[in-house]
Amino acid sequence: MANIVDTQKQAVEMLDAGEARPWPVRVSTLLLFLEALGLIGLSVYSYDAAVLQQDSDILELILIIFSGLTRTIAFGALGLLACAAGFGFLGLWRTGWPTAMLLQGLCLLVSLGLHLRGAPPYIFGLMGYCILMVIYLHHPEVQQAFQTKQLQESKWPEPGPEERL
Amino acid sequence: MTPEEERLLLRRFEPVVKYTKGEQFFPIDIEQYIRACSLWVQRPNRYPLRLLPEGELTPERLAEPRNHGFDAIYYLKFIEPLNVTEIARHRIREGLTRKSDQVFRAGPGRLARVGYGSRFVDALFSLSLLARGRVPGDTALAASIAYLEMLKENEKYCYYGRVVEQSDWIVLQYWFFYTYNNWRSGYVGANDHEGDWEMICIYLYRDDEEQAHPEWVAYASHDFSGDDLRRRWDDEELEKVGEHPVVYAGAGSHASYFQEGEYLAEIELPFLTPVIRFTRRLQVFWEKNILPYDHRKSADGETGLIFSIFRVPFVDYARGEGLGIGPQQEKVWSEPEIISNPPAWVSQYRGLWGLFAQDPFAGENAPAGPMYNRDGTVRQAWYDPLGWAGLDKVPPPQERLSLIQARRTEIKADISNIEAQIEEKSRELHKMGIELASMRGFPHLRDARDLQQAKINALSKELDQLLKQSAMDESSLETLHLYAERIKAGERSPVRAHIRRAHHPTTSESIRLNKLAEIWAAVSIGIMMFSFILLAVFARDFLIYGIASVISVIVFVEASFRGQITRFISSITVGLAVVSGLVIFVEFFWAIVVAAVLVSGGYIMWENIRELRR
């Protein structure tokens with residue numbers, strides 16, 4: 001236990017001293033902003049695809065437009081969430097990591113939902129990107145950076161009787 | 001050791017037992033209890049038969065030999081449940097006379113402290129009580145009234161002491177008998193039963209001047225065994241009043257704890273054991289490989305109890321703010337009865353010390369006496385008190401140096417023996433090597449050469465084993481030497497190094513649940529069941545999606561109450577990533593195979609070209 005406590009203390013001291021973030025955190029930040037761009041792009045694409053529909057059957061047209069607008073809103077909201085996660089990573093906010101994971105979860109959920117209803121092919125690209133992000137977000141240095149930040153913000157815990165051993 | 005020496009030793013270290021406010025039963029003299037009991041026998045497919053009515057039973061008569069067949073179960077019956085009038089009368093009287101500061105208050109409910117799965121299994125457990133044999137609900141009240149009568153007649157708090165000498169340790173056993181265990185009916189616990197035996201052990205060693213010193217203490221407790229039961233005398237967790245260890249007794253259950261607090265005890269349902277084993281393995285895999293790094297884990301990866309949703313959770317309240325019995329307490333122990341040389345009621349009576357409720361899980365059946373298990377076999381704590389607490393491998397402190405010396409001598413003898421063998425086999429190997437070399441260039445000796453080669457290989461392997469053993473022995477010798485030096489310098493091994501799983505009371509942070517969380521815990525199972533029925537009746541087409549949504553919402557609310565949102569999100573996302581990965585794999589199987597082959601080929605080519613350029 002003493003070793004772990006020492007490592008965490010060192011990490012807190014590094015952050016206190018304003019030393020640069022580990023490179024996996026910087027890469028994750030970049031990837032999150034890229035994801036945000038992609039999602040906003042998908043939102044715009046879905047809007048265009050819905051608006052430019054020229055179906056003769058009015059009922060079908062309404063359904064397609066409704067579905068397209070739903071996707072527009074969903075991807076738009078996810079894009080905003082990705083921006084929030086990116087800024088969370090930028091500032092190493094304690095909500096950064098959970099927001100990024102939530103974003104990946106929601107993206108995967110939407111992708112799987114669309115896949116079940118006959119997905120457009122770009123969905124697989126989104127799925128793949130999210131899977132890679134999930135793996136990357138579990139990089140030990142990324143997690144350590146956020147947990148260290150949390151420890152820095154909270155009071156340093158007094159070692160318990162077992163830690164004193 | 002003479003009986004007087006045993007008595008003095010028992011009294012010198014007798015424990016202080018502290019109870020939770022509202023506790024109704026305290027250790028009593030078994031003779032008083034036996035006189036108030038009747039003796040019964042239960043034979044297979046027969047009605048229970050009363051052998052002796054209450055008032056006629058004595059410890060001597062209890063121990064009389066009886067023969068009702070191999071499958072007969074003998075048991076005592078302490079009390080009959082009260083009728084409605086008696087209950088009402090008692091409740092009114094109790095309401096008028098009881099002081100509010102003597103009443104037990106549970107605090108945050110047990111269900112709010114555990115997960116959803118456990119609450120579901122708990123609901124099944126509660127339903128099972130309707131079908132299982134159990135002690136009738138009002139027996140606890142009747143037992144408490146009867147116990148109060150006994151106290152009025154003769155207020156006496158006593159224990160039964162046993163002194164055993166085993167492998168140079170002196171073991172002091174303190175046995176406590178309670179007339180009733182009302183954990184279920186009084187404190188929302190797992191079971192109720194008549195009669196309750198509890199025990200603690202103190203392990204002493206003699207120094208060179210034959211003075212006894214305490215070294216270890218072990219308390220019998222739910223779910224724990226072996227090394228985890230004991231604490232060293234200098235462990236901070238063990239409280240003491242002078243030379244008297246403090247025991248915090250669970251309310252109603254009377255289980256023993258080292259620290260005051262509220263303990264989450266989890267009961268495993270026997271038929272769920274395979275499922276529990278499987279989920280435990282899955283959980284270990286998940287925690288090790290998939291869940292994020294957690295700074296709260298200790299260095300050895302222990303996070304306390306691995307939570308299982310298939311165990312039924314119960315809270316054991318060992319708050320210690322109620323009555324204390326023992327030295328410097330409100331009540332003191334009466335003169336102990338020594339059972340080192342077991343009296344007949346200990347050794348001859350193998351039956352149960354209260355009602356046999358015919359519960360297949362055994363939780364509601366009364367226990368057997370200090371010497372026996374419910375099935376009549378001898379308790380390990382009785383025949384092997386050292387092994388029971390994992391002390392069979394631990395020598396008393398004063399013997400450590402001499403044991404190290406003896407072991408070093410043995411190892412040295414081993415080493416000289418091995419060295420002689422190495423010398424001999426080495427010479428043999430050389431000779432065989434020479435012989436093999438001489439056969440080169442003679443085709444007619446091919447078979448003989450092959451045989452010789454095989455012999456050489458076997459001997460070489462043997463020699464290698466001996467050398468390895470010798471190196472290990474040298475290393476052990478060195479380690480023992482260093483250990484002896486440390487002991488001579490007065491160093492002791494870490495006080496808690498032997499503990500793999502310690503039982504800690506629930507922390508105040510983890511039970512700081514608001515009223516809303518408690519209400520949620522109480523109603524969530526019902527809500528889930530109602531939702532399933534509503535979906536099945538009104539939205540059968542969307543049943544699967546509906547069930548998934550209901551479960552997701554419930555789990556989300558649950559995670560919010562427990563402050564585990566991050567963990568929840570992480571787990572769900574990882575699950576979704578796995579499913580999506582499978583979808584991609586199935587959709588693009590051939591493309592993935594081709595890409596993998598191309599990438600591998602390219603990588604190999606790149607590595608080879610790099611090697612050429614060096």
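**View 1. Gln42(B) faces Ile73(B), which sits in β4(B).** Here 5 bridges tie strand β2 (residues 38-42) of chain B to β4(B), and the two run antiparallel. Strands here are DSSP E runs of at least two residues, and helices are H or I runs of at least four, numbered from the N terminus; two strands pair if DSSP finds at least two bridges between them. Keep in mind that this is a predicted model, where local features need pLDDT of at least 70 and side-chain atom pairs count only at pLDDT 80 or more, while totals for chains, interfaces and linings use all residues. Residues are numbered from 1 along each chain as its sequence is written, and chains are lettered from A in the order in which they are written.

**View 2. Zooming out, 3 strands of chain B make an open sheet in the order β3-β2-β4, with antiparallel pairing.** The edges are β3 (49-52) and β4 (73-77) of chain B, each pairing on one side only.

**View 3. Glu210(B) isn't a glycine, yet its phi is positive, about 70°.** Look for Glu210(B) in the loop between β7 (192-206) and β8 (212-219) of chain B.

**View 4. His254(B) is another non-glycine residue with a positive phi, near 65°.** His254(B) lies in the loop between β11 (244-249) and β12 (256-257) of chain B. His254(B) is buried, at 1% relative accessible area, where buried means under 20%.

**View 5. Over residues 293-307 of chain B, pLDDT (the predictor's confidence in each residue, from 0 to 100) stays under 50.** For chain B, the mean pLDDT is 84.

Conventions: Heavy atoms only, no water. Contact = heavy atoms within 4.5 Å. Buried < 20%, exposed > 50% of the residue type's maximum accessible area, 1.4 Å probe, protein only.
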